[in-house]
Amino acid sequence: MLGRSANGIFWLFRYLERAENISRLIEAGFRMALTRSASDATDEWRSLIVTLGLRQAFEARHGTEYTGPHVFNFILRDKDNPGSIMAITEGARTNARMVRGGITREVWESVNDGWMQLRDALARPVTETRLGAVLDLVRRQSTQVRGAMEGTMLRNEIYNFARMGSFIERADNTARILDVKYYVLLPSVSYVGSSLDNVQWENVLRSVAGERAYRWLNAGRMDPRGIAEFLILDGRFPRSLAFCYSKLRSNLASLAREYGNEMHSHEILRDADCQFHTATIEGIFEQGLHEFIGKFIRANTALALQIQRDYRFTE
Amino acid sequence: MKKTLPLSYDEMLDADGSVRSAYAGYCQWHDEQPADLLRRKGSEAEAFFRRTGITFNVYGNEDAEERLIPFDMVPRIITAQQWRKLSRGIEQRVRALNAFLHDLYHRQEIVRSGRLPARLLKNNVAFLPEMVGFTPPGGVYTHIVGIDLVRTGEDDFMVLEDNARTPSGVSYMLENRETMMAMFPELFTRVRVREVSDYPRRLARSLAACAPPACDRKKPLVAVLTPGIYNSAYFEHAFLADQMGAELVEGSDLRVENGRIAMRTTRGYEPIDVLYRRVDDEYLDPLTFNPNSVLGVTGIMDVYRAGGITIANAPGTGIADDKAIYSFMPEIVEFYTGEKPILQNVPTWRCSEPEALKYVLDNLAELVVKEVHGSGGYGMLIGPTSSKRELVAFEAKLRARPENYIAQPTLALSTVPILTKAGLAPRHVDLRPFVLVSPNGIDITPGGLTRVALKKGSLVVNSSQGGGTKDSWVLDD
């Protein structure tokens, strides 16, 4: 396949994944804000903007007025925000148009259909009443495209590049949530066992759609170490770092089989994936959760760049 | 002052208002349908087009960057007998076009014989000196041709234009049929219509038959070259590549490697055998033509001339569909086939000739005047529907550069009904059949693309100016 098409497929799925993850973040933030005092709600909205790396852009637009509608409209649809969900979805569709021949009609139509619906839904400012429906729409699009892909696409190189895009992005998103929220999960003297902690922890889980899975696995007990372990090391949870990396590994391995040779990215990935099999959560906390996550995000970015280089995404 | 146009030939109804035989089966079905069915299906179809992304981009229109070409639900129907005659005429014309191109770029016998003035080639940008003395692989110049036909009576089809460069619209022909079959399946069990859906397969086969000398594969590798997603016909480029199982490439994917044109794949550079390019000559090779082009491939013309790749259509074919050349087509057909042309030209006055110019100026209000190099219905004058002031303004342009124009009578283009709010109403149509040329012969897809002027009385069918399309049927015997 063309290097440019591999690039298009890779980014199509990165963007879809990103839009979905951002919508979960907004939803978790919204829920938190609803259950908190006004000033805590403001903190919550600010933390959302920080997680998305939008602080500067947001404050240039609204100053430090972190009200809900300002924040979620900025993230969803503001023209000054090149990373808005609308812009990302637009980017996904542009990439899909570019690789139209590499994806099935079903995949294309679900991308295009989702874009059309979202464009209509975001044509005017979103109110708190409408927010839930809009976020639903974003997630539904992502789910629909994934389903269309699962059911209609050949399991070949195109599929592998699509999946790698999804999992590089997902790993990055989960890691970034951990990066911003790590302090919530750190052992602290004053708050241990308080109900506030519980809510915060649950919010971290909700941001990655993991609250039910976690409760189910842990019979409802909330503890920060368990949550961190779940998000980093639990290979059963589809948004954990370990899960993303096992998928990256199997897709990169399929490519090596199909092409008959391994590239530099295979080496990088082997090392990165290895750590999830040997690491323990105790070890990670000892090393420092923050340092661990920071290192992971950098390595993940480097891996993405190496894949793009190895497979000639651009000239 | 507006004059009324001459009464037109209606393809569905005769002068007494009875249904012509071509439409008998359709009308019977139509009358049995509930009144609002077609309209309801019309909005269904529009939603379907939006979802599938069948749109075209409009240049210089920021708000409506992607627009739909309106699709009308009433088919345009041609009988088997009419089609037989038409396709004989089309084949003859396309054979002549290819022979003409070969001659122009070699001995120019037609000029030597005095049938074509040499001045038409001199200073004509469509004539490429780079092609002189070179014969494209398989001897084929125009791999894909679209012949624009208009009709004025029962048996009167005329050629309005030959599209020998990169005719577009074939994806609409295919999708229009798909839509009709999806919307009205039972209609197709009642009326037998000839298939068009294998066009992409035929196109792939036809292109593969023109592999260059350097090709060492059993199955030549075909790629479609597109200017990119912002081109107005991008949907069609992607559609055809997809349907053919060919790669859709852009200039930035390609480079010269070992005397071949190679595309950058995830495994390295891979040579292409046949390039179906949807990029104009001018942008094809910055080394040879427009040095600022980023749409083409640097050095492709050298590779082409050395037999490293087939370019379809061949560079320089534009000379054959030049409007000034068009007026000589009857002579051209006769010169190369030794036969009388089966399809007539629309009578044409070449304003470069003083006598013709005088006639055109004297009768401007009755004529259609076109720019020799224009396309898309822009820059033309339709005398009978123009105001006094427009006529005067055009007259000045005409006097200043007469060689830039040709004129034709305002034809009473045939009409076919479309569905309007007030029911069926006749509108003017044309027809663009698509023709494939390979060393194995000439292959014409039955029917083609019918374009229809949606405005009452309008003669402009171009999609960029508010025209629509119809499914075009050739009835099975």
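## A parallel sheet in chain B

In what order do the four strands of the open, parallel sheet of chain B come? The order is E7-E6-E11-E12, and the pairing is parallel. Keep in mind as you look that this is a predicted model. At the edges of the sheet stand E7 and E12 (residues 310-312) of chain B. Each of these two has a single partner strand, so one side of each is left without a neighbour in the sheet. Neighbouring strands here are turned by 25° against each other on average, with direction ignored.

You can follow one of the pairings in detail. Strand E11 of chain B covers residues 274-277 and pairs with E12(B) in the parallel sense over three bridges.

## An antiparallel sheet in chain B

Chain B also has an open sheet of three strands, in the order E8-E9-E10, and here the pairing is antiparallel. Its edge strands are E8 (254-257) and E10 (268-271) of chain B, each of which pairs on one side only. On average, neighbouring strands of this sheet are turned by 45° against each other, direction ignored.

How many bridges join E9(B) to E10(B)? There are four, and the two strands run antiparallel. A handy place to look is B:Thr265, which stands opposite B:Gly268 in E10(B).

## Where the chains touch

Now let us turn to the contact between the chains. It takes 20 residues from chain A and 19 residues from chain B. Which elements of chain B give two or more residues to the side that touches chain A? They are helix H2 (37-52), helix H8 (234-244), strand E7 (247-249) and strand E9 (260-265) of chain B.

## How confident is the prediction?

The model as a whole scores ipTM 0.85 and pTM 0.88. For chain B, the pLDDT averages 90, and 95% of the residues score at least 70.

Over residues 1-6 the pLDDT stays under 50, and the model has eight contacts for them beyond four places in sequence. Residues 58-64 of chain B also have a pLDDT below 50, and this stretch has five contacts in the model beyond near neighbours in sequence.

How values were computed: Residues are numbered from 1 along each chain as its sequence is written. Chains are lettered from A and ligands numbered from 1 in the order in which they are written. This is a predicted model: local features need pLDDT of at least 70, side-chain atom pairs count only at pLDDT 80 or more; totals for chains, interfaces and linings use all residues. Two residues are in contact if their C-beta atoms, placed from the backbone, lie within 7 Å. Two strands pair if DSSP finds at least two bridges between them. Axes are lines fitted to C-alpha atoms, for helices over the stretch in contact, and angles run from 0 to 180 degrees between N-to-C directions. pLDDT is the predictor's confidence in each residue, from 0 to 100.
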